[in-house]
Amino acid sequence: MQDELRDHLITEEPYYQPTADEVELYEAAYSVRMPMMLKGPTGCGKTRFVEHMAWKLGKPLITVACNEDMTASDLVGRYLLDADGTRWQDGPLTRAARHGAICYLDEIVEARQDTTVVIHPLTDNRRVLPLEKKGEMVEAHPDFQVVISYNPGYQSLMKDLKESTKQRFGALDFNYPDHETEARIVAHEGGINEDMAGKLVSVAERARNLKGHGLDEGISTRMLVYAASLIANGVAPLAACRMALVRPITDDPDMRDALDSAVTTFF
């Protein structure tokens with residue numbers, strides 16, 4: 001293992017509950033180093049899945065949280081000034097490609113399209129990364145893989161992947177788990193019993209039915225874990241749900257009343 005990547009090894013198994021055959025499919029994709037795209041709503045487990053698979057495969061994971069201010073240099077690297085003059089510093093994408101990590105670009109549609117095109121030569125048969133400022137062509141390490149994620153619910157003409165980018169990836173669809181599986185996840189991660197977790201999931205399912213009917217996004221599994229953690233630490237369930245589930249997703253008084261009513265149905 002390269003010393004540069006030791007800090008990116010995941011040493012403890014991240015808790016992940018499979019919902020279908022995504023684990024086996026990802027393993028098959030990694031075996032041929034297919035670039036992968038994970039599509040699904042916010043907080044449904046995409047990042048945890050990547051962490052779990054990196055642990056399972058024993059590969060280092062370098063995660064980049066994409067944003068609209070991110071430049072190509074933020075990904076590939078830049079020259080820096082120090083006491084001895086200038087020196088080159090690899091960006092996260094270059095480090096992953098050079099030394100053999102999985103590079104995970106989270107919410108890639110948040111980045112500008114002129115930034116994301118730098119991954120193109122790494123995601124086809126070339127598997128190279130041109131460092132134009134340095135005059136170097138980095139050949140990807142045999143263990144290197146690119147994984148990207150995004151939420152299709154936020155797609156727009158201004159925020160979507162180019163077809164030339166999409167067609168370089170295999171894709172896995174993610175969604176919120178079924179009721180029983182999600183309850184197990186919330187119970188495990190939040191430190192509460194499955195009966196209480198099941199009630200939280202029921203509240204989330206009511207809210208998810210309102211997506212597109214007053215809500216832009218439903219209650220995510222991540223938010224349920226927050227609520228469960230509050231309950232596990234002694235906060236009353238009604239207060240925990242209002243703070244962690246209802247107030248973050250809407251400011252509309254009528255929608256808040258509707259969601260508060262759903263909470264009181266179960267608590």
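## Helix α4 and its surroundings

In helix α4, which spans residues 92-99, the buried residues are Leu93, Thr94, Ala96, Ala97 and His99, as seen in this predicted model. These buried residues pack against β2 (61-65), α3 (72-76), β4 (85-90), β5, β6 (128-131) and β7 (136-139). Just after α4 comes glycine 100, whose phi is positive at about 95°.

Most residues other than glycine have a negative phi. Arginine 33, although not a glycine, has a positive phi near 55°, and its place is in the loop between α1 (22-31) and β1 (36-39). Arginine 33 counts as partly exposed because its relative accessibility is 22%.

Glutamate 107 likewise is not a glycine and takes a positive phi of about 55°; this residue lies in the loop between β5 (102-106) and α5 (113-116). With a relative accessible area of 18%, glutamate 107 is buried, since the cut-off for that class is under 20%.

## The largest pocket

The largest pocket has a volume of about 580 Å³. Its lining comprises 25 residues, of which Gly43, Cys44, Gly45, Arg48 and Arg222 are the closest to the centre, while α2 (46-57), β5, α7 (179-190) and α9 (221-232) are the elements that give two or more residues to that lining. By class, the lining of the largest pocket holds ten nonpolar, eight polar and seven charged residues.

Terms used
Residues numbered from 1 in each chain as written. Predicted model: local features only at pLDDT ≥ 70, side-chain atom pairs only at ≥ 80, totals over all residues. Heavy atoms only, no water. Helix = DSSP H or I, 4+ residues; strand = E, 2+ residues; numbered from the N terminus. Buried < 20%, exposed > 50% of the residue type's maximum accessible area, 1.4 Å probe, protein only. Contact = heavy atoms within 4.5 Å. 1 Å grid on protein atoms, 1.4 Å probe; cavity = no way out; pocket = protein on both sides within 12 Å on 5 of 7 lines; lining within 4 Å. Points joined across faces, edges and corners; volume = space filled by probe spheres on them. Nonpolar A, V, L, I, M, F, W, Y, C, P; charged D, E, K, R; others polar.
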